[in-house]
Amino acid sequence: VPKINLRGQSNDKNFMVSVSKILNTLLPTEPNISIINDDTKVMWLSPNEWLVQILKKNKFKEIFTNLQSTLNPENTAVTDLTENRTILNISGHNLYTLLAKFMVIDLDQNLRKEAAVIQSLFIKVPVLIVRNHKNNEKPNIDIHTNRSHTSYLYNLLVDGTQNFNF
């Protein structure tokens, strides 16, 4: 899944306007929120950092090139993270119970908003968790992690399901 790490100042009007024209959406400025449109899902990571997930692979080169050529490289950074991060998509009615075995964060509270994004530790591994479901739907999240940790997290999750009755 193509991903771009984008850095710039949210109080820089030129930066914000340029990015919104390229992505066809506003950058989220509220902490731990994502915004989605037909081509991208943009996740707030910090006041000056966003993760842009490209939903249509054929749009990646165009978006990446436009960001690099339009934004001032002295004040911004545009980095291709496509090969750096893996996304594990998990869903199920016991999802938050399963994750609670490995995390100390209150998922019900932190993922209560439909567009919620949280950064936390899964055991000792840094992860980004993105909520994908509506309030009336079965829980569904994406876990973004470094590629090198994917097998470890996957095996822990599979092992953690062993005492659930399906």
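Helix α2 (residues 60–70) keeps Phe60, Ile63, Phe64 and Leu67 buried, where buried means under 20% relative accessible area, exposed means over 50%, and partly exposed covers what lies in between (1.4 Å probe, protein chains only). These four cover an arc of only 95 degrees around the axis, which puts them on the same side of α2; the arc is that of the directions from the helix axis to the C-beta atoms. Turn to the face pointing away from that buried side, and the exposed residues Lys61 and Ser69 show up. The cover over the buried residues of α2 includes β1 (3–7), α1 (13–23), β3 (40–46), β4 (49–54) and β5 (77–80). Helices (H or I, at least four residues) and strands (E, at least two) are DSSP runs, numbered from the N terminus.

A quick word on the ground rules. This is a predicted model, so local features need pLDDT of at least 70 and side-chain atom pairs count only at pLDDT 80 or more, while totals for chains, interfaces and linings use all residues. Residues are numbered from 1 along each chain as its sequence is written, and side-chain values use heavy atoms, with hydrogens and water left out.

Now for the whole chain. It has 5 helices and 9 strands, and from the N terminus on the elements run β-α-β-β-β-α-β-β-α-α-β-β-β-α. The radius of gyration is 17 Å, close to the 15 Å that the globule rule gives for 166 residues, so the chain is as compact as a globular protein of that length. That radius is taken over C-alpha atoms, and the globule rule is 2.2 Å times the number of residues to the power 0.38. The C-alpha trace spans about 50 × 30 × 25 Å along its principal axes. Of the 166 residues, 46% count as buried. Among contacts (heavy atoms within 4.5 Å) with a separation of 6 or more, 53% come from residues 24 or more positions apart.

Proline 126 belongs to strand β8 (residues 125–131) and counts as partly exposed, at 45% relative accessibility. Leaving aside neighbours within four places in sequence, proline 126 is in contact with Ser120, Leu121, His144 and Thr145. The C-alpha atoms of proline 126 and histidine 144 are separated by 8.9 Å, with the two residues 18 apart along the chain. Asparagine 140, in strand β9 (residues 140–146), is buried, with a relative accessible area of 18%. Not counting residues up to four places away in sequence, asparagine 140 touches Asn89, Ile90, Ser91, Leu95, Val130, Arg131, Asn132 and His133.

Asparagine 32, in the loop between α1 and β2 (34–36), has a positive phi of about 60 degrees although it is not a glycine. Isoleucine 123, in the loop between β7 (117–122) and β8, also has a positive phi, near 60 degrees. Asparagine 32 is partly exposed at 32% relative accessibility, and isoleucine 123 is partly exposed at 38%.
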